[in-house]
Amino acid sequence: MSDAGGGIPPVQPYGQPEGKLPDPEESFSARLALAQRAGGLVAPLLTVVIAFVMGGLVVLITTGKNPLKTYQAIFEGAGLNWFFQIPWDFDSVAAFNLQQTLIQTTTFNLVGLAVAFAFRCGLFNIGGQGQYLAGAILAVWIGSSFQDLNPYLHVGLAIVIGTLAGALIAGIAGFLKATVGAHEVISTIMLNWIVLWVGVYLFGLGGPLQNDTQTSVPVSNDVAEGAKLHVFWGDPLLQGLHIGIFFALGALIVYSILLNRTTLGYGVKAVGFNPEAARYGGISVARNYFLAMAISGAFAGLAGAIDILGWQFRLSTGDVQTSVVGFTGIAVALLGRNTAIGTGLAALLFGALFTGTSTRNLDPDIFQPELASNLTLLIQGLVVLFVGVDLAVLWLLGRLRRKGTATA
Amino acid sequence: MPERSLVLEMRHITKRFPGIVANDDIGLDLVEGEVHALLGENGAGKSTLMNILYGLYHPDEGEILIKGKPVRLGSPNAAIDAGVGMVHQHFMLIPVMTVAENIVLAQEPTTAGVFLDISEAERRVKEISDRYGLAVDPHARIDRITVGQQQRVEILKALYREADILVLDEPTAVLTPQEARELFEVIRGLTERGKSIIFISHKLNEVLEIADRITVLRRGKLIETLPAEGATEESLARLMVGREVLLRVAKTPAHPAEPLLEVEDLRVVDDRGIEKVRGISLEVRAGEIVGIAGIDGNGQSELIDAMTGLMPVESGTVRLAGDEVTTESARGHLEAGLGHIPEDRQRRGLVLEYSIAENIALHDYRAAPASRFGWLFPRRLVERARALIREFDVRGGGPTTRAGGLSGGNQQKVVLAREIDRDPRVLIAAQPTRGLDVGAIEFVHRRLIEERDEGRAILLVSLELDEVLSLSDRVLVMFEGEIAGEFPPTASEEELGIAMTGGRRSGVAA
């Protein structure tokens with residue numbers, strides 16, 4: 001059992017038990033830990049496969065259509081076929097679809113990181129939705145005010161304020177957890193509702209941020225031209241791909257560096273792995289709860305700001321009440337195993353699913369529109385359900401191995 | 001040995017796990033009425049062998065004969081039917097049920113086939129306990145009786161199921177010296193009545209006292225089966241470890257200098273409002289080891305937590321190297337010169353998911369050279385860890401190995417390395433050798449003495465009496481949150497045992 005990771009050669013010494021297996025409990029947890037590290041890729045992939053197979057079964061049973069054709073339609077609706085249409089045509093329909101997928105991916109990526117960061121500190125931030133909305137509300141306010149501001153300053157200001165708004169909302173939950181021990185699941189859900197109804201009030205008829213000219217519609221003013229994010233692929237009027245995706249990619253790098261290369265990340269992870277050991281080590285658990293929540297909220301707030309400045313440009317009370325992107329972040333983080341790369345890939349998957357099943361892309365002959373968006377939610381739900389699948393994989397592997405040794 | 005029949009033979013038992021042979025061609029036999037001790041370090045294969053006997057594992061090779069007949073022990077139930085009874089180190093009793101209810105559990109006498117016949121159950125329990133001299137009150141609730149009595153209930157449970165072969169797994173680990181003595185009386189009574197006992201332990205003196213024969217395992221192999229007569233602690237330790245071991249650390253007289261840890265009239269109240277530390281004053285000087293002995297749960301944990309800033313203090317003061325730190329945070333204590341080897345290295349001492357290097361940085365990752373302006377230098381952590389791994393002889397991995405992947409002894413070495421490398425003035429060592437095997441214990445003990453001689457003030461809190469006695473220069477006994485007496489290290493275990501149970505409050509005046 002040499003598990004030497006460094007330069008010291010594994011020796012067979014006196015104090016070292018020659019195996020970790022004799023104790024059945026120890027062996028199980030040891031193997032579980034191993035599987036969680038080694039199976040880091042297997043388990044999420046398997047989760048996705050199972051979710052897709054079950055989703056396909058639902059398609060088959062409820063509509064009688066060929067699930068493979070359905071999935072092909074989603075694949076094409078998401079624009080992923082663009083990659084295979086060589087030479088690449090940057091103005092094709094597939095290109096347009098791909099742009100929409102990447103816009104969605106940007107959002108999911110950021111809300112996914114929000115949930116993932118809190119997870120790394122042992123906290124379940126279920127309030128990504130409220131933090132996302134807080135970022136969006138502040139961004140729409142800043143973006144639609146100051147009409148003649150320098151565009152760089154305007155965009156920067158809206159993004160910073162939106163990000164801080166998310167951090168503040170989540171920071172409240174972190175503060176409550178740190179000081180009085182209020183459970184973050186409860187407080188973040190309550191904050192979701194607070195933000196939602198504040199938004200409804202702000203953009204509602206006669207509300208302080210309601211549209212100045214369309215006084216009969218509960219919607220905000222539009223973001224000023226100068227505050228919109230630059231579109232670098234596709235037609236800005238047709239919702240082309242904006243530069244927000246680079247913020248999302250940057251956030252992945254920041255997330256990874258923050259966790260792995262800074263003292264802040266060390267403290268956050270230590271508290272997440274073992275708060276008692278952190279406390280013993282002189283790390284303030286309360287401080288890290290607050291920081292982790294605030295940083296988590298900052299990712300979600302950034303997502304809200306970028307959606308407003310990138311493609312939405314306005315918020316209505318209806319948007320505020322129907323948006324669920326923050327909750328998708330939970331599935332993204334779970335599937336991505338709270339790692340930067342995993343979250344990015346999971347965000348791409350969900351971005352493609354949501355775009356691919358949006359009804360405008362679908363041919364009713366192979367896909368019933370009623371099923372379309374529900375299929376995505378179904379798959380999302382299955383992914384969350386199968387988060388524990390690594391345990392099942394572990395059990396299966398263990399059985400296979402036992403069978404292998406028994407026949408050997 | 002008179003002619004008595006073999007009740008158990010385990011022949012050529014081999015059990016492999018992926019990557020390791022836990023039992024390699026082991027043979028063990030048990031004569032009727034004998035106590036056969038099974039000795040070996042952690043991971044030597046004792047538990048595997050006993051789990052095979054108890055039907056939890058199936059051997060890859062080999063056979064088991066009980067009373068001369070080959071048996072297949074497919075499950076614990078099969079083992080029980082074959083007459084094997086197991087008393088685990090951690091009792092498997094239901095606290096809110098009575099002694100009798102626990103004993104008959106799953107094999108209850110019934111009336112009309114469905115109703116528990118409690119008076120019949122109590123009668124049978126009484127009968128068995130009388131027959132084997134195991135006095136217990138059948139009506140008492142498990143959570144109201146002492147640990148020693150709970151152990152008797154476990155033994156009675158096995159006897160009720162008509163076990164002829166009793167496996168006792170580290171039975172004295174949870175007992176006071178007096179209770180251990182009583183257990184030995186019970187064991188002798190059982191063997192006189194024809195029961196045969198496999199006694200698992202790592203305490204050499206006990207094994208020599210109670211066993212007729214001793215089998216030593218090392219790294220899954222049978223080293224030797226020898227009669228207890230003629231064996232010595234030294235010879236057994238050598239067989240177990242495979243080299244010479246110093247059982248009692250050699251140490252020179254202490255030269256205590258200035259007081260570095262001063263505790264005055266300390267009171268600590270736990271979160272349920274119960275006063276756990278009731279006015280304790282103590283002092284540890286540079287260059288001495290003060291030991292605190294006591295039975296688990298007499299306020300030792302709370303005393304340690306309060307002295308290290310991990311639990312609020314109700315009243316009183318704590319001084320570290322002259323600075324008052326009573327109300328400081330844990331970090332404040334560390335910065336004032338405290339090193340703390342915690343009671344539970346897995347729950348508190350280590351972040352098991354972190355690497356050795358990261359764990360070594362636990363207290364000072366925020367300062368140079370580990371980091372600067374919040375930027376961590378992982379390579380520097382690794383370099384420092386590499387040096388300490390060498391110095392403290394941590395085996396089983398390098399700096400980037402997960403701490404959770406190390407054996408208990410090596411985990412403890414990592415903790416020790418971290419605490420000592422910070423060059424603390426005061427070192428509080430709580431149960432520093434819990435769960436470690438002979439080789440690792442020797443290492444920890446030697447290192448603690450060395451640190452004492454370096455001029456550190458060391459407070460040793462341990463439940464192991466012989467550890468306290470062999471390391472300490474002065475011994476304090478804690479009972480119900482108070483210091484029940486101070487003793488010189490030459491005091492006998494009996495004297496201390498009496499103070500530990502509150503029997504007498506004396507000793508040399510503090």
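Predicted model: local features only at pLDDT ≥ 70, side-chain atom pairs only at ≥ 80, totals over all residues.
## Helix pairs in chain A

The crossing of α5(A) and α13(A) is right-handed. On the α5(A) side the contact involves A:Gly128, A:Gln129, A:Gln131 and A:Tyr132, which meet A:Val325, A:Gly326, A:Phe327 and A:Gly329 of α13(A). Sorted by class, this contact has three nonpolar and five polar residues, with no charged ones.

A second pair in chain A is formed by helix α2 (residues 42-63) and helix α15 (residues 369-385), with axes that come within 9 Å and cross at roughly 145°. The crossing of α2(A) and α15(A) is also right-handed. Residues of α2(A) in the contact include A:Ala51, A:Phe52 and A:Met54, while those of α15(A) include A:Leu371, A:Leu375 and A:Ile379. The contact of α2(A) with α15(A) has twelve nonpolar residues, four polar residues and no charged residues.

## Two domains of chain B

Chain B is divided into domain 1 (6-241) and domain 2 (259-349 + 424-500). The C-alpha centres of these two domains of chain B lie 34 Å apart. Where the domains touch, nine residues of domain 1 are in contact with nine residues of domain 2.

On the domain 1 side of chain B, α6 (177-192) and α8 (233-241) each supply at least two residues. The largest share of that side, three residues, comes from α8(B). By class, the side of domain 1 that touches domain 2 has four nonpolar residues, four polar residues and one charged residue.

## A six-stranded sheet in chain B

Chain B has an open sheet of six strands in the order β18-β21-β22-β15-β23-β24, with mixed pairing. Strands β18 (338-341) and β24 (482-487) of chain B each have a single partner strand, so they stand at the edges with one side lacking a neighbour in the sheet. From one strand to the next, the twist averages 20°.

Strand β18(B) pairs with β21(B), residues 426-430, in the parallel sense over four bridges. One of the bridge pairs joins B:Leu338 to B:Val426 in β21(B).

Two helices of chain B pack on this sheet. Helix α9 (residues 300-307) touches β15, β21, β22 and β23 of chain B, and its direction makes about 150° with that of β21(B). Helix α17 (residues 493-500) touches β15, β23 and β24 of chain B, and its direction makes about 30° with that of β23(B).

Note on methods: Residues numbered from 1 in each chain as written. Chains lettered and ligands numbered in written order. Axes fitted to C-alpha atoms, helices over the stretch in contact; angles between N-to-C directions. Left-handed = near helix turned anticlockwise from the far one by under 90°. Contact = placed C-beta atoms within 7 Å. Nonpolar A, V, L, I, M, F, W, Y, C, P; charged D, E, K, R; others polar. Domains from an automatic or database assignment. Pairing = 2+ DSSP bridges.
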